[in-house]
Structure formats: C-alpha cells, structure tokens
Amino acid sequence: MTDARIAVHTEASIDRIAPEVHGHFAEHLGRCIYGGIWHADSAAESGFREDTVSLLEDLDLPVLRWPGGCFADDYHWEDGVGPRDERPRRRNLFWAQGPEETPEESNAFGSDEFLELCERIGTEAYLAANVGSGDPQEAANWVEYCNYDGDTELANRRRENGHEEPYGVTYWGLGNENWGCGGRMSPEQYAREYRRFATYVGTMDGLLLDHDLELIACGYEGHEWNRRFLDEVSGAPWGEPFPLDHLTLHHYYGRSMTVAEADEDQYDQFLVEALEMDRHIERIAAAIDAVATTRDIGVIVDEWGSWHPEATPETGLEQPGTVLDGLSAAAVLDVFNDNSDVVTMTNIAQTVNVLQCLVETDEDDAWARPTYRVFDLYAPHKGNEAVRTSVSAPTRELVDDDENRELPLVGASASVGDDETYVTVTNLDCREDHAVEIALEGADLREGDVRAEILFAEQEPDLEVTAANAEAFTADDLSVSVDGKSIVAELPPSTVAAITVE
Ligand code: AHR
C-alpha cells in the first residue's frame with residue numbers, strides 16, 4: 001500500500017531552472033586546489049590532476065566559483081599570474097592550519113590556471129574579488145586582465161601569459177562573507193564599499209567590454225542584514241541604477257552531527273537542517289522584494305552543503321562522504337527547483353576534498369562521492385521548466401527539539417523539458433521503506449513511457465565512500481508500476497529516485 005503521494009502539476013510552471021543552480025565552488029583551502037585539482041608539488045608545465053579534471057568534465061559543471069571563500073578577501077590576483085617560478089609565496093591567512101601540503105600559498109595556481117581549467121571542463125567562471133583587504137582599482141584591473149580586448153598593459157600581459165583572446169568572465173562577486181572574514185563590516189559599511197567597487201567594475205561593462213558582466217553582492221542568511229544592506233545600497237543620491245545583479249547567502253548544515261558517531265535521530269535532524277534552505281531563500285527573496293522595485297536581483301546560494309564536526313581547519317575541512325550527504329544534496333536540489341523563480345545560481349562547497357565535495361583524492365586516485373552521483377542524477381533538470389508538486393507524506397517529529405520540527409519523510413520536485421517530464425523523489429527516512437504514488441496531471445501513462453533509476457538502494461546511510469567502493473554508488477534501474485495516471489515506486493530507506501516520463 002502506498003503511504004506517500006506526489007501530484008505533479010505539469011501546467012503549473014514556476015520558472016526555468018537555471019543550469020547554474022548546479023554550480024560549484026573551489027577555494028585555496030586544504031587539499032581542494034593543491035593536491036585535489038593541481039599536483040601540490042608540480043614543477044611541470046601543467047600541474048593539473050588529470051583524474052580529477054576528467055571526473056569534473058563528465059559532470060558538466062555549469063559554473064565554478066573561485067578563489068574563495070575567506071581566501072578571496074586576502075587574495076591579490078597579480079600574485080598568481082606570470083611565470084610560476086617568479087610568483088611570490090604568501091601566507092594563507094585563514095587556512096594556514098590545514099594539511100601538510102598546503103600551509104602556505106605558492107601561487108602556482110592562479111587566474112590563468114583556473115580559467116584554463118574552466119575552458120577544459122566547459123564551465124563558466126565566477127571570480128570573487130577582494131573587497132575586505134583590496135581596493136576597487138585592483139578589482140577593476142582583474143576584470144581588465146581577464147576580459148579586455150584592447151592594447152593596454154594588462155590586456156597585453158594576459159596575452160604574454162598565453163591567452164590571446166579575452167576570457168569573457170561574466171560573474172564577478174564583490175567580496176565574500178563581508179559580515180565575517182571579509183572585513184567584519186556592518187551592512188551599511190559593506191553597502192558603501194559595494195557601491196565603490198560596483199562603480200569601477202560595473203563601468204567597465206558598458207564602456208570597455210564586449211561582454212556583459214553580472215555583479216554579485218554578498219548577503220547573509222539573516223533577513224535583517226540583507227534588508228539593511230539593500231536599503232543603504234539602493235539609496236544612492238543619483239538617478240542611474242548601478243549594477244547589482246545577484247545577492248548571495250551561505251547555508252551550511254550538520255555541525256552537530258559527527259558522522260562517525262551519529263544515530264538515526266541525528267540523521268533526521270541533519271536533513272531538517274538541510275531543508276531549512278527553503279526558509280533562507282524565502283527570507284532573502286522577501287528582503288529583495290521590499291526594495292527592488294525597478295530591477296531584478298537574483299538569489300545566489302554561493303556556498304552550501306554539509307559541515308560536520310570532523311571538518312576543522314586542522315583537517316583542511318575534510319570530512320567523510322556518505323550516502324546521507326548525498327541524500328541531503330538531493331533534498332536541497334529539490335528546494336532549488338521549487339524556488340527557480342528566484343534562485344539564479346548555487347555553488348556547493350567544495351568541489352574537491354573539502355566539506356561536501358564531489359570528488360575525493362589520495363595520492364594515486366580520484367573518485368566520485370555520493371553527492372557527485374546525485375548531481376549526475378539531477379542533471380536532466382538543468383534548463384527545464386520547474387513545475388509545482390504537492391507531496392503528501394508521513395512526517396517524523398525530531399527528538400528533543402525545542403522548536404518541535406518535523407522531517408517530511410518523502411520529498412520531490414519536477415520539471416518539464418522539450419520531450420519529457422523529469423521527477424526526482426527522495427525517501428528521507430533512514431529507517432523505513434516508503435511506497436510512493438506519483439500522479440502526473442493530464443497524463444495517460446503506458447509502461448513504455450516511463451524509465452526510473454535509483455541511488456543508494458544497497459547502501460546504509462552512514463556508509464563512507466572510498467577509492468575501493470566508489471563505483472557501488474552509481475544509479476541502478478528501478479522497477480515501477482504504471483497505471484494510466486500514476487506511477488508507483490517502492491523506495492528503500494535513504495534513497496533518491498529519478499523518473500523520466502516521455
Ligand atoms: O567553505 C569554507 C568557508 O566557509 C569559506 O571560506 C567561507 O566563506 C565560509 O565561512
């Protein structure tokens with residue numbers, strides 16, 4: 001008997017799911033860049049780890065944010081261009097306690113290496129400029145180095161460094177967590193800084209570049225900070241609107257759940273914390289709506305994912321990669337689909353080895369984590385039109401929770417493409433199977449029209465991925481029954497399914 005029902009309202013369109021919602025983030029932190037993407041000790045012409053690059057290429061990342069994180073507001077981009085053996089060695093202010101390989105910044109991996117990586121894996125670059133300890137001139141110069149096609153010293157320096165054509169970087173973040181490691185600013189102070197930076201960087205857009213820039217301001221999970229920032233930033237005394245295309249928030253979850261020791265009650269709490277992404281998006285969108293009467297400002301979640309107690313500065317923010325993490329990623333990607341009318345990009349933290357990474361490496365191998373499999377399974381949603389779903393499913397109350405929160409045991413989202421409807425369904429219950437009925441409004445379904453796949457059916461929620469077992473986490477075919485208007489699927493505990501209806 002089914003105990004959960006999902007109605008897919010195929011005519012109730014939300015908005016197009018921006019492919020950039022499946023974006024990623026890589027910082028000079030621990031073994032993300034050095035050891036993960038770039039051979040830490042490479043004196044070679046190119047030090048890319050080809051195993052990592054190949055996994056990233058297969059995943060078809062739409063956008064990659066770099067170089068931080070907290071690192072961004074202590075980074076001076078000119079340190080990282082030109083001949084590698086002449087680049088200065090610097091401290092890594094925020095992440096110096098990390099693994100042996102990376103206590104300091106060699107600057108071997110800089111703008112040209114990052115942008116070469118983006119070109120190789122076919123991804124858009126999102127560069128985060130230094131607002132905390134930098135100045136608008138440095139930020140505007142970086143844009144010029146990357147994007148200007150004229151005959152200036154900086155454009156010519158890019159050519160000398162091997163890139164004749166402008167890179168055409170669209171996404172420029174002005175600062176990172178400027179309420180914290182990016183300068184501990186008040187919202188009003190950051191708004192004034194943002195206006196200065198956006199004036200110089202933004203003016204390049206209209207006057208000097210063939211390429212449109214999209215400028216990204218740093219926001220906060222809390223509504224009050226965003227409202228005060230937006231009030232101040234939009235209160236400029238002159239009439240011309242200045243560029244502010246997106247406002248960001250960061251949402252990490254799982255800090256109270258040590259992976260190695262957690263029990264099922266903590267799994268429930270972890271997933272509820274992940275689902276709070278919905279409330280954070282709602283609040284930042286409300287802050288934008290309150291001030292943005294004349295222009296569209298998108299919401300970017302440019303850092304998100306699990307952050308368990310295992311991930312400390314000393315471990316280089318490394319933590320085990322489990323099914324549970326993958327499950328949380330699926331739940332959050334469903335939230336993004338449901339908010340496709342406001343969410344313009346997201347960047348899971350981080351791409352390789354750090355936090356909820358997609359790819360893990362040791363000296364010899366690189367392998368995909370469960371979260372990688374989830375991104376792969378959800379890929380058909382990219383660029384589709386998200387449609388409303390109604391989920392009716394049992395819930396479980398969290399144990400000892402002051403806020404009396406409940407975990408919905410089944411979740412879903414759906415989108416419509418040119419030839420098919422794509423429905424993703426999670427069984428967020430780590431204890432029990434759930435039989436789920438999926439009804440598509442207006443559909444007349446036959447067996448041959450439906451294909452289904454499932455992740456993690458054979459694995460326990462706390463199973464940790466290693467080089468040796470990584471292939472066991474790939475998707476399996478799922479057998480479903482189809483009856484006219486609905487599809488019924490039996491989902492084992494902590495699984496993610498995807499159903500394609502042609
Ligand atoms: O992703 C790790 C850190 O988390 C980033 O450097 C910072 O922006 C956030 O606090």
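Which residues does UniProt list for "domain: Alpha-L-arabinofuranosidase C-terminal"? The unreviewed UniProt entry gives residues 302-495; such positions are in the numbering used here, feature names are shortened, and annotations may be inferred rather than shown by experiment. Residues are numbered from 1 along each chain as its sequence is written. The model is predicted: local features need pLDDT of at least 70, side-chain atom pairs count only at pLDDT 80 or more, and totals for chains, interfaces and linings use all residues.

Select 302-495. The end C-alpha atoms of this span are 26 Å apart, and 13% of it is helix and 37% strand (DSSP runs numbered from the N terminus: helices H or I, at least four residues; strands E, at least two).

Next, colour by domain. Domain 1 covers 4-9 + 388-501 and domain 2 covers 10-387, with bounds from an automatic or database domain assignment. Their C-alpha centres lie 29 Å apart. Between them, 43 residues of domain 1 are in contact with 43 residues of domain 2 (C-beta atoms, placed from the backbone, within 7 Å). On the domain 1 side, elements giving two or more residues include strand 1 (4-16), strand 18 (421-427) and strand 24 (495-501). Strand 17 gives the largest share, 6 residues.

Now go to Pro67, in the loop between strand 3 (63-66) and strand 4 (90-91). Buried or exposed? Pro67 is buried because 26 other C-beta atoms lie within 10 Å (buried means 20 or more, exposed 12 or fewer, partly exposed in between, with C-beta atoms placed from the backbone). Show Glu27 as well: Pro67 and Glu27 are 40 residues apart in sequence, yet 4.8 Å apart in space, C-alpha to C-alpha. Leaving aside neighbours within four places in sequence, Pro67 is also in contact with His28, Ala72, Tyr75 and Ala128.

Notes: Contact = placed C-beta atoms within 7 Å.
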